[in-house]
Amino acid sequence: MPVVGVREAEGSMGRAAAGVVHRLTERRETLATVESLTGGLLAATIVEIAGASAVYRGGLVVYATELKEWLAGVPAQLLAERGPVDADVAAALAEGGRQRCGADWGLATTGVAGPEPQDGKPVGLVFVAVAGPDGTEVRELHLDGGRDQIRGASVTEALRLLTEHAQLSEGVTAAAGGGGRGGYAAE
């Protein structure tokens, strides 16, 4: 992923967040976030959008590894074996956030923003995950740039992943003749 300026990254994050808020509002679905390397930037980007209160339930910032277990429900054994920067940890964060916040969708970020590698994982290695009515998906990213660029790109990519899943479940619902909450039962 190319390095972009801070203004371009902010615009990209805002556009992605606006799309998520609009789509989930239309579908009457809710969202929760669990963040590690983005440290609240994902939540802040979402709540910048007018109308976010209709969809955003809340989130967790679990920067410390033990908080991933205590607050988000990531299995201690998984964290001990693989560390916090891992695809399965990202999935568990998204699923834990969805469950603990009572949301239709959970969105999570974990990775290494730098300036130094962490536990043998390189700077720019990021995992974003979405958990929703159609299951859970993790995307591995290899991002360039400094801390701000990596964190901003992580937010944008997490929001894009959610948008893709919302469109996918919408298409499945439309084919099945459902509507409203995407054809899934309310939680």
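Where does Arg28 lie? Select Arg28 and you land in the loop between H1 and E1. Keep in mind as you go that this is a predicted model.

**Stop 1**

Most residues other than glycine have a negative phi. Arg28 is also exposed, with a relative accessible area of 64%.

Now step along to Thr30, in the loop between helix H1 (6-27) and strand E1 (31-35). Is Thr30 buried or exposed? Its relative accessibility is 18%, so Thr30 counts as buried, the cut-off being under 20%. Show what surrounds Thr30: setting aside residues up to four places away in sequence, it touches Val55, Arg57, Gly102, Ala103, Asp104 and Trp105.

**Stop 2: the sheet**

Next, colour the strands. There are 5 of them in an open sheet, ordered E2-E1-E3-E4-E5, with mixed pairing. Strand E2 (56-61) and strand E5 (135-142) are the edges, each pairing on one side only. From one strand to the next, the twist averages 15°.

Zoom in on E1 and E2, which run parallel and are joined by 5 bridges. Pick Glu35 here and look across to E2: Val61 stands opposite.

**Stop 3**

The largest nonpolar core here has 31 residues, and Leu31, Ile46, Leu107, Leu159 and Leu162 have the most contacts inside it. Two or more residues each come from H1, helix H2 (41-47), strand E3 (105-111), strand E4 (125-132) and helix H6 (147-176). H6 gives the largest share, 8 residues.

Which residues is Leu162 in contact with, leaving aside neighbours within four places in sequence? Select Leu162 and you'll find Val20, Leu24, Leu31, Trp105, Leu107 and Val130. Then look for a second, separate core of 19 residues, with Val62, Ala90, Ala129 and Ala131 among them.

**Stop 4: the loop between E3 and E4**

Last, go to Pro115, in the loop between E3 and E4. The bond joining Gly114 and Pro115 is a cis peptide, with omega about 15°. Most peptide bonds are trans.

Asp119 is in the loop between E3 and E4 as well. Its phi is positive, about 50°, although Asp119 is not a glycine. Is Asp119 buried or exposed? Asp119 is exposed, at 63% relative accessible area.

Key. Residues numbered from 1 in each chain as written. Predicted model: local features only at pLDDT ≥ 70, side-chain atom pairs only at ≥ 80, totals over all residues. Heavy atoms only, no water. Helix = DSSP H or I, 4+ residues; strand = E, 2+ residues; numbered from the N terminus. Buried < 20%, exposed > 50% of the residue type's maximum accessible area, 1.4 Å probe, protein only. Contact = heavy atoms within 4.5 Å. Pairing = 2+ DSSP bridges. Axes fitted to C-alpha atoms, helices over the stretch in contact; angles between N-to-C directions. Core = buried A, V, L, I, M, F, W, Y, C linked by side-chain atoms within 4.5 Å.
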